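Let's walk through this model together, one question at a time. Have the coordinates open as you read.

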Amino acid sequence: MKSVAVVGANLAGGRAVEALRTAGFEGAITLIGEEPWRPYERPPLSKEVLWDPKGSTDELFLHEEAWYEKNRIDLRLGERAEALDLSAGAVQLQGGKLVEADRILLATGGAARRLNMEGADAVNLHYLRTLGDASRMAADLTDGARVVIIGMGVIGAEVAASALKLGCQVTAVEPLAAPMIRALGPQFGHWLGEEHRRQGVDTRFGCGVVAMKVVDERVTAVELDDGSQVECDAVVVGIGIDPEISLARDAGLKTSNGIRVDRQCRTSNPMVFAAGDVAEQDGFFGGHIRHETYQNASDQAAAAAMAMLGQEVDYHKPVWYWSDQFDLNIQFCGHIPMDAQVTVRGDMESNVFSAFFQSGGIIEGMLAINNARDMGIGKRLVERRLAADAASLADADFSLRDLLKAPR
């Protein structure tokens with residue numbers, strides 16, 4: 001292999017080219033990105049960038065510009081990949097230019113899902129996916145501003161916390177019964193909802209948006225399906241992402257809710273690989289799944305790089321992610337099985353606790369609130385599919401590390 005083209009100058013793309021050079025690959029590497037910025041981390045966009053938009057953003061970037069020059073990475077920033085020419089072994093850029101490569105990695109991520117109603121393109125209605133999105137949003141999150149958050153998944157919940165910290169009046173609208181309920185389950189989703197209410201967020205759970213009032217290209221009020229109307233100065237929409245599968249789909253690669261890959265991160269074409277938010281991979285607990293997390297993007301990209309170099313790879317991990325809201329560090333690993341037995345370790349009212357989700361005695365998921373120490377062990381418990389009795393898990397004096405000594 002003499003050349004690699006990576007489509008997506010994001011976290012996954014950046015980690016992939018880094019892994020290739022670290023592993024000793026000396027061939028040509030081209031990193032193609034539609035955004036004008038070199039690879040950066042997205043978690044700070046909903047927090048630090050909103051808190052201090054005029055502050056330095058240097059810490060967001062994976063590497064300084066000089067690193068790419070030193071490592072002979074051909075950065076094609078602000079350029080869109082239009083098509084894959086698999087017969088020629090190339091990526092076609094906007095304008096018809098071809099980037100030839102022996103292997104192609106698709107790290108195309110996703111685009112913020114848009115509202116389908118009048119006002120969805122208003123100047124004060126914001127989606128959060130890029131550094132530019134965060135900078136524009138920050139201009140509207142001023143002290144005293146009335147902000148409506150539509151959707152209380154991870155992004156919506158984090159922006160709600162940040163907006164409140166900035167002195168905004170925050171109303172959160174979520175059609176489900178609690179924030180992050182798909183990820184945390186009802187018990188802990190409701191706990192998080194109570195935390196947002198306690199902090200001062202006006203939470204409207206079980207409500208949907210039916211219309212927006214627009215005056216001079218700005219949303220001035222949001223109408224809910226319970227008949228109420230919320231006046232606002234800005235709106236933030238966090239209703240998920242749509243994976244960017246068009247390049248793969250149009251090239252005839254297998255796609256579904258993402259670009260389908262095997263445990264070597266290889267697509268249905270042996271010269272094309274995929275990693276990050278766009279990759280639909282074998283689920284740790286069966287089926288196929290996409291993981292929209294920092295850690296998966298970083299780890300899977302490195303695995304894809306090794307696979308492109310011909311090394312043996314078996315990428316198959318349970319999801320792990322974190323979210324910081326108010327004074328809460330929320331970490332989750334694994335999944336919540338349908339028949340989950342839930343065991344809480346610690347005092348929920350103290351906001352320092354852990355929870356285990358078991359099926360048939362096997363630990364399949366773990367939640368840790370302000371408890372990184374437990375999660376450090378819990379991730380291994382989930383990965384190894386270890387069993388434990390609920391009484392031991394609930395006992396704060398019981399050493400979770402002892403469970404790791406048991407035979408698998």
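Q: Over how many bridges do strand 25 and strand 26 pair?

A: This is a predicted model, where local features need pLDDT of at least 70 and side-chain atom pairs count only at pLDDT 80 or more, while totals for chains, interfaces and linings use all residues. Residues are numbered from 1 along each chain as its sequence is written, and side-chain values use heavy atoms, with hydrogens and water left out. Helices (H or I, at least four residues) and strands (E, at least two) are DSSP runs numbered from the N terminus, and two strands pair if DSSP finds at least two bridges between them. Strand 25 and strand 26 (residues 362-369) run in the antiparallel sense, and the number of bridges is 7.

Q: How many residues of strand 25 are buried?

A: Buried means under 20% relative accessible area, exposed over 50%, and partly exposed in between (1.4 Å probe, protein chains only). Strand 25 covers residues 352-359 and is largely enclosed by the rest of the structure, because the buried residues number 7 of the 8.

Q: At what angle do helix 1 and helix 8 pack?

A: Axes are lines fitted to C-alpha atoms, for helices over the stretch in contact, and angles run from 0 to 180 degrees between N-to-C directions. Angles under 35 degrees count as roughly parallel, over 145 as roughly antiparallel, 65 to 115 as roughly perpendicular and the rest as oblique, and helix 1 and helix 8 are therefore oblique to each other. The axes of helix 1 (residues 11-22) and helix 8 (residues 294-308) are 8 Å apart, and the angle is about 40 degrees.

Q: How many of the 15 residues of helix 8 are buried?

A: Helix 8 reaches 21 Å from its first C-alpha to its last, close to the 21 Å expected at 1.5 Å a residue, where the expected span is 1.5 Å times one less than the number of residues. Its buried residues include N296, Q300 and M308. Helix 8 is largely enclosed by the rest of the structure, because the buried count is 11.

Q: What is the relative accessible area of Q325?

A: Q325 lies in strand 22 (residues 320-325). Leaving aside its neighbours within four places in sequence, Q325 is in contact (heavy atoms within 4.5 Å) with A157, E158, A161, M180, L192, H196 and I330. Among these, A157, E158 and A161 are buried residues of helix 5. Q325 is itself buried, with a relative accessible area of 0%.
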